[in-house]
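Colleague: I am new to this structure. Could you walk me through it?

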Amino acid sequence: MNSKNSINFNLRILIKDIVQNLLMVLLCMLIGVMGCYIAYHTVITPKYESEAILNVQVKDSTDSTYLNLTRSKEIAEIYTQVFVQPSMKTKAAEISGFDKFDATISAKVLTNTNFIQLTVSSDSPQKSFMLLKGVLKVYPEITQSIFSDAVINVLQTPSMATSRANHISFSLLVKVAVISAAIALLLIVLLSVMRSTVKSEKSFYDLVDSDLVGTIPHQNKGRKSFFSSGSKSGLIISKVTQVNLIFIESFQKIASKLEYRKRMKGEKVFVVTSVNENEGKTTVSANLALSLANRGNKVLLLDLDIKKPSVYKIFDCKDANIPNLNELINSGKVDNFRICKLKSKELFLLSNTKSSPKLKKNIEAKDIKKIIDFYIDKVDFIIIDTIPMNVDMSITDILPVVDGTLLVIRTDVSSAKSINNALVNIESVGGKLTGCVLNDIYSDFSWFGQSGADESGVHSKHKGYYGYGGYSGYGGYGGYGGYGGYGGYGGYGGYGNTGSSKGGYTRKKITNYSTDKDTESDDKNND
């Protein structure tokens, strides 16, 4: 880890955050506009204006018209100062029946004319009207002593205002809406940049104290037509028509690293877990097991998710026929128990079809260790899918008995703090950390492809995230549907040598398989 204080900026995630919070931006704009209206009616004092137009002329002048107009303008400018004098206000208030001139008065000369615009403003239309009439009654006795050769005529008599003068203009509302949207966008940007989650491979090295075993690229999962039949399936590497080669190759690279660890250190049993739900750990477990099997290894895929086991759904096993892990534990006869095997693949499945609270006690009682000990010499690898660590910490009871732990981190889901705490917890209970798998990585930014599929292939949002969402609050991973090109699950035929074309399976003793064959070379790929 380089630095936890570096700016954690990712353009794709920033735009995703903005797109996901557009409704919030619109709500902020609406709140800003509504705030204007509320302030207009409750905070801002209403203002009503009454207006009169006066004309200033020079009496009995023998000068030319131009000189008369010039003289009239000069006198009008002086009168504008007279109308706003306190003595004018006091007398106008008295004659209008008010104790004081509780209003504002303004006077200005209209451009290039000898007209005076006289305006009285107050919080009441009646008050403005009556005070202006009072001004028009008292101004002759005040102004006649100033200029005896000038006369003022009223060209426009005042009228009572019918609406507020300080109304809210449309341009003001637009400005408020734009400012509100800008503030909302700024907050979204700040929260996105300051959110301490792993957003890219670079930020992984900046924020996480662990090795990176591999990265899984984002894989768009095509939606089925509204009129099409069949259920949605997961992102499985054997479905080459729905996943790209980069997605497949990413699992092959991780598989080759596990093969290397087996050859060099004898490590065969790996737990795959995550910090939180919706990080893609089950997809990683299934695809990693398939990749190892494709490379010629015998692989046992063990589902220890005590809340919602879902491995059997990925491979389209039927609930009524799937060999149940609880049956194996309750029988106590591991050597006589037959488990599922994929035809044409050395991949064996051991899973429950329903949540099993008892399984937690079995894990704590080390019953799972007995199963691992029995199969460890009969297969090349055991891949164990578990419950997320923040959902149930019972997973920690199995970590000391396996060879390594892979922590799946989906971009922009778990905080760096929770990830590092999980890494510390793994090692504190005696677990061996193999490293982290960074899931749902975008190699290049694209304006498109912002949505993906969850482990069940269901496109949805969950807690603000696109892509793998839709665990329904960890209530159901479901929807893995038919396994596409698997034959019996599609094209694979059945689970064993006698598998039916409808997706049947055969319970087959795994003890019949020898384990003296070492793993194939890293470059072998049966896909």
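Modeller: Start with the buried residues of α1, which are R12, I13, L14, I15, K16, D17 and Q20. Buried means under 20% relative accessible area, exposed over 50%, and partly exposed in between, with a 1.4 Å probe and protein chains only. This is a predicted model, where local features need pLDDT of at least 70, side-chain atom pairs count only at pLDDT 80 or more, and totals for chains, interfaces and linings use all residues. Residues are numbered from 1 along each chain as its sequence is written, and side-chain values use heavy atoms, with hydrogens and water left out.

Colleague: How many of the residues of α1 are buried?

Modeller: Helices (H or I, at least four residues) and strands (E, at least two) are DSSP runs, numbered from the N terminus. Helix α1 spans residues 11-20. It is largely enclosed by the rest of the structure, because the buried count is 7 of the 10 residues.

Colleague: What covers the buried residues of α1?

Modeller: Cover is judged here by contact, meaning heavy atoms within 4.5 Å. The cover of α1's buried residues includes α2 (22-42) and α6.

Colleague: Is α1 oblique or parallel to α6?

Modeller: Axes are lines fitted to C-alpha atoms, for helices over the stretch in contact, and angles run from 0 to 180 degrees between N-to-C directions. The axes of α1 and α6 (residues 170-194) come within 10 Å and cross at roughly 135°. Angles under 35 degrees count as roughly parallel, over 145 as roughly antiparallel, 65 to 115 as roughly perpendicular and the rest as oblique. So α1 is to α6 oblique.

Colleague: Which residues of α1 and α6 make the contact?

Modeller: From α6 come L185, I188, V189 and S192. From α1 come I13, L14, D17 and I18.

Colleague: Where is N112 placed, and is N112 buried or exposed?

Modeller: Most residues other than glycine have a negative phi. N112 has a positive phi, near 60°. Its place is the loop between β2 (104-109) and β3 (115-122). With a relative accessibility of 65%, N112 counts as exposed.

Colleague: And D440: buried or exposed?

Modeller: D440 also has a positive phi, near 65°. It lies in strand β12 (residues 433-441). Its relative accessibility is 3%, so D440 counts as buried.

Colleague: How many helices and strands are in the chain?

Modeller: The chain has 527 residues, and buried ones make up 52% of them. Its elements are 14 helices and 13 strands.
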